[in-house]
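The tour goes stop by stop.

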Amino acid sequence: MTTSPRTRPLPPPVTTLSRDDARRLALRAQGLLGTPERRRVRASRSDSTRGGGGRREGVRGVLRHLGAVQLDTISVLARSHELVPYARLGPVGREAVESAYWSGAHSFEYWSHAACILPIEEWPHFAFRRRAYRAKGYRWHTMEDSDRSCAAVLARLTADGPLTTSELGGGRKGGEWWDWSETKIAVEWLLDTGQVVCTERRGWKRVYDLAERAVPDALLHDDLDDAECLRRLVAQAGAALGVATRADLADYHRLKGDQVDAVIEGSGLVPVEVEGWGRPAWADPAALAAPPRGRHRTTLLSPFDSLIWDRARTERIFGFTHRLEAYVPRPRRIHGYFAMPLLSGGRLMGRADPAREGTTLIARQVSMQGSRAVRPMAQALREAATWVGCDAVRLERCDDAKLAAALRSELTHMSEESG
C-alpha cells in the first residue's frame, strides 16, 4: 500500500544553531569547555580512569575522547602529543603524559588524520585501512625483496622483539629522510598492514612488535567490514567535533567524502543547520542534549591540535586564519616557525611563537587581537614556562608596540607576584 501524501510521516525538524552555539559545541567536544578548574589538579596527580569527560580521566581520557592525537617531530615548547593534553588538563607532568600514552598497551600508533596515537580500542575500526594497504601492495620493493625482507623482520621480532628500526638492523641508507633501507621499508609496510604494531616510542623512535603479541586478544581481528569501520570512525569524529560538515567529518580521520556519504545515516549523528555555514552539517545528539557551559581554558595550542586541524573549519568557527609556517622559508613567515594560537574565553585571540634558552621561555614573535588579549597571553606564557621548567619569560617581538609594552608589564607583574 502506498502512503498518501497527507499521511506520510514528516521528517523531524532540523535543529538550527547559531555561530556561537557551534563554537561552544566544538570547544566542549574537544575537552576545552565545561570542566571545573579543580579537576586539572587531580588530573596532574594521576591518570584515573573514572567515567566522565576527557579531562576527568586524565591523559588517557583525553585520548579516548578525542579519538586521535597527532604526532610530529617538531619540539619547540614540547612535542605536539604532549601539548594536546596540556591544553586540556593544565600542567600535567610530562613524564606522566608519556607514561599514559606508551605504557600498559592502552594505545597504538597508526595512520588517522596523520601519524597519530589512537586508543587501543579503535584497532578493529582501522581494519578498512589495513585492507586497503594490503590491496595496494608492497612499498617500493620488488616482490622478491619484499617477501625476503618482511620474513626477516617478522622472524627477528618473534625472537627478540619489541625492537626499534636500528635494533632491527635497518634505518636510512644515506642521510636523507626518504632513503630507507629494505628493513625499514619492510617494517613500515608490516605496520601499515597490521602484522606489526607500534605501542611505544623510545627517544622518539618507534618500537615495533608483533600485533599478535601487543594487541589484546579481544581486539586483534579484522572482522568488521569496511562499512562498519567507517560508521564508527564517522560517529567518533562527530563526537570529537561536536558539530561538523561532511568535509570536517572526512578530514578528522582522513576519509574520503564518498565514504562519509555511505555511512552518515547509520552513524547516529543528526542533521543540523548552522548560521552562516551555508552547507549541510551534522551534530552529536549527546552534545545537543545539554547546552555547553562551564569554565574555558586559557592556553596556547599546538598547531597540530585537533581543535584547529582544518584551516577552513578554524576560520569558519573562530574567524581565525591559522597556518603552520615551520616549512615556510624564514623570510616569508608572518607569525613564526611554530606559532601557537592563544585560546581564551572560548575564542582564538592571538599567537605566540615560542623558544627556550636555558630556563627562559622566549616569545620570539607575538600577535594579539587587541588589549583584551594581553592578560590571557601573559597567563598562557607564564603557565607554559612553568610547565617546561622555565622560570622567566622574555618577549622579543610583537606586531603592535603598545600591546608589546602592555604584555611586558603584565609579565613583569606576574613574575613579581609569583616571586
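Where is the place of Ala-105? Select Ala-105: its place is in the loop between helix H5 (94–102) and strand S3 (107–111). Helices (H or I, at least four residues) and strands (E, at least two) are DSSP runs, numbered from the N terminus.

**Ground rules**

This is a predicted model, in which local features need pLDDT of at least 70, side-chain atom pairs count only at pLDDT 80 or more, and totals for chains, interfaces and linings use all residues. Residues are numbered from 1 along each chain as its sequence is written, and side-chain values use heavy atoms, with hydrogens and water left out.

**Stop 1**

Most residues other than glycine have a negative phi, and most peptide bonds are trans. Ala-105 counts as partly exposed, because its relative accessibility is 34%. The classes are buried (under 20% relative accessible area), exposed (over 50%) and partly exposed in between, with a 1.4 Å probe and protein chains only.

Now select H5 itself. Val-97, Ala-100, Tyr-101 and Trp-102 are buried there. What covers these buried residues? The cover includes helix H3 (58–66), strand S2 (69–70), helix H4 (80–89), S3, strand S4 (115–119) and S5.

**Stop 2**

Select Trp-204. It lies in the loop between strand S5 (196–202) and strand S6 (205–210). Its phi is positive, about 70 degrees, although Trp-204 is not a glycine. At 21% relative accessibility, Trp-204 counts as partly exposed.

Next, select Gly-161 and Pro-162. A cis peptide bond joins them, with omega about 0 degrees. Pro-162 lies in the loop between helix H7 (143–160) and helix H8 (165–168).

**Stop 3: the four-stranded sheet**

Select S1, S8, S9 and S7. In that order, these four strands form an open sheet with mixed pairing. Two strands pair if DSSP finds at least two bridges between them. The edge strands are S1 (15–17) and S7 (243–245), each pairing on one side only. From one strand to the next, the twist averages 40 degrees.

Zoom in on S1 and strand S8 (residues 270–274). They run parallel and are joined by three bridges. Leu-17 stands opposite Val-274 in S8.

H1 lies across S1, S7 and S8, running at about 90 degrees to S1. Axes are lines fitted to C-alpha atoms, for helices over the stretch in contact, and angles run from 0 to 180 degrees between N-to-C directions.

H1 and H11 pack at an angle of about 110 degrees, with their axes 6 Å apart. H1 and H11 are therefore roughly perpendicular to each other (a class that spans 65 to 115 degrees; under 35 is roughly parallel, over 145 roughly antiparallel and the rest oblique). On the H1 side, the contact is made by Leu-25, Ala-26 and Ala-29; on the H11 side, by Ala-239, Ala-240 and Leu-241. Contact means heavy atoms within 4.5 Å.

**Stop 4: the five-stranded sheet**

Select S10, S11, S12, S13 and S14. They form an open sheet in that order, and the pairing is mixed. Strand S10 (299–300) and strand S14 (392–395) stand at the edges, each with a single partner strand, so one side of each has no neighbour in the sheet.

S10 and strand S11 (residues 340–344) run antiparallel, joined by two bridges. Pick Thr-299: its bridge partner in S11 is Leu-343.

Bring in helix H17 (residues 401–418). H17 lies across strand S13 (360–368) and S14, running at about 170 degrees to S14.

**Stop 5: confidence and the whole chain**

Colour by pLDDT, the predictor's confidence in each residue, from 0 to 100. The protein chain has a mean of 89, and 88% of its residues reach 70 or more. Over residues 36–55, pLDDT stays under 50; the model has 40 contacts beyond four places in sequence for them. Residues 174–178 are also below 50, with three contacts beyond near neighbours in sequence.

Zoom out. The protein chain has 17 helices and 14 strands. Of its 419 residues, 53% count as buried.
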